[in-house]
Amino acid sequence: MSSVDVTTVGQGPGLVVLPGSTRRARHYAALAEALSDSYTVHVVERRGRGRSPAQDAAYSLDVEISDALEVLSETGSRQIFGHSYGGLIALHTGLRTDLDRVIAYEPAVSIDGSMPSGWMPRYERLLSEGKDARAMICFFHSMEFLPGGPLATAVAWAMTRFTAEGRATRELLPTVLAESGATKALDSGGERYAGITAPVLLLGGGRSPAYLSRILPLLVETIPDAKLIMTPEFDHNAPDLSAPAPVADLIRA
């Protein structure tokens with residue numbers, strides 16, 4: 001039994017799916033279903049979520065990589081897909097073991113300080129003060145996913161109290177700091193990714209924040225066997241919310 005909870009659907013070669021920050025395994029149900037006729041899809045419920053272990057004081061990206069390697073081994077899977085922070089885990093898993101393919105949708109790779117991190121001290125303070133709606137907007141606005149300001153905060157407060165999705169996001173807010181800290185700690189010139197031996201498919205969207213799409217050509221130049229597909233109409237949440245079936249088509253192709 002793997003350390004983390006895993007949801008499995010489909011038939012065919014094994015494909016492990018790693019969710020992004022503030023995302024849970026269930027957010028990738030449509031993607032998994034769209035891939036289920038071609039792959040046995042194993043969606044990981046990462047640490048700090050559901051029945052998987054909590055993110056404790058020893059948490060690091062190495063812990064996530066170990067979980068991914070364990071799921072790959074137990075399921076016999078040779079392919080891995082990661083979204084955002086899950087994409088960062090997928091790339092680093094590809095550095096640790098030989099795989100048939102690594103697929104990453106806008107991985108949270110920080111190259112020469114590309115990933116915003118100045119928001120983190122304020123976010124940590126707001127969380128410690130119990131101001132979760134403000135913390136939520138601080139994060140999403142700083143990462144260019146939502147507008148900021150009092151109105152956005154009021155909407156976030158209502159969401160985190162009165163909607164199931166809002167409450168689920170609120171539960172995951174403490175995991176954001178640890179994951180963003182791990183991303184920041186791995187900031188580099190990107191040279192390490194030249195060590196990935198597997199073929200890598202990088203995916204991105206034209207409607208995503210520029211700091212995410214800007215690093216993709218750099219990764220393609222660095223990784224020995226890498227291909228990039230940019231889709232103008234996709235945003236950062238294409239795999240889990242806005243376009244799971246079209247993303248599945250790209251993975252299958």
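Let's start at leucine 91, which, leaving aside neighbours within four places in sequence, is in contact with Val102, Ala104, Pro107, Val109, Tyr193, Ile196, Val200, Leu219 and Ile223; contact here means heavy atoms within 4.5 Å. Before going on, note that this is a predicted model, in which local features need pLDDT of at least 70 and side-chain atom pairs count only at pLDDT 80 or more, while totals for chains, interfaces and linings use all residues. Residues are numbered from 1 along each chain as its sequence is written, and side-chain values use heavy atoms, with hydrogens and water left out.

Leu91 also belongs to the largest nonpolar core, which has 32 residues; Ile80, Leu91 and Leu219 touch the most other members. Such a core is a set of buried Ala, Val, Leu, Ile, Met, Phe, Trp, Tyr and Cys residues joined through side-chain atoms within 4.5 Å, where buried means under 20% relative accessible area, exposed over 50% and partly exposed in between (1.4 Å probe, protein chains only). The elements giving two or more residues to this core are strands S2 (14-18), S5 (101-105) and S6 (200-205), together with helices H2, H3 and H9 (215-222). Helices (H or I, at least four residues) and strands (E, at least two) are DSSP runs, numbered from the N terminus.

H2 (residues 61-75) and H3 (residues 85-96) pack at an angle of about 70 degrees, with their axes 9 Å apart. H2 and H3 are therefore roughly perpendicular to each other, a label for angles of 65 to 115 degrees (under 35 is roughly parallel, over 145 roughly antiparallel, and the rest oblique). On the H2 side the contact is made by Leu61, Asp62, Glu64, Ile65, Ala68, Leu69 and Leu72, and on the H3 side by Tyr85, Leu88, Ile89, His92, Thr93 and Arg96.

Next, turn to lysine 184, which sits in helix H7 (residues 164-185). Not counting residues up to four places away in sequence, Lys184 touches Ser117 and Met120. The C-alpha atoms of Lys184 and Gly113 are separated by 7.9 Å, although these residues are 71 apart along the chain.

Aspartate 112 lies in the loop between S5 and helix H4 (120-128) and has a positive phi of about 50 degrees although it is not a glycine. At 63% relative accessibility, Asp112 counts as exposed. Glutamate 144, in the loop between helix H5 (132-142) and helix H6 (150-162), is not a glycine either, yet has a positive phi of about 70 degrees.

Conventions:
Axes are lines fitted to C-alpha atoms, for helices over the stretch in contact, and angles run from 0 to 180 degrees between N-to-C directions.
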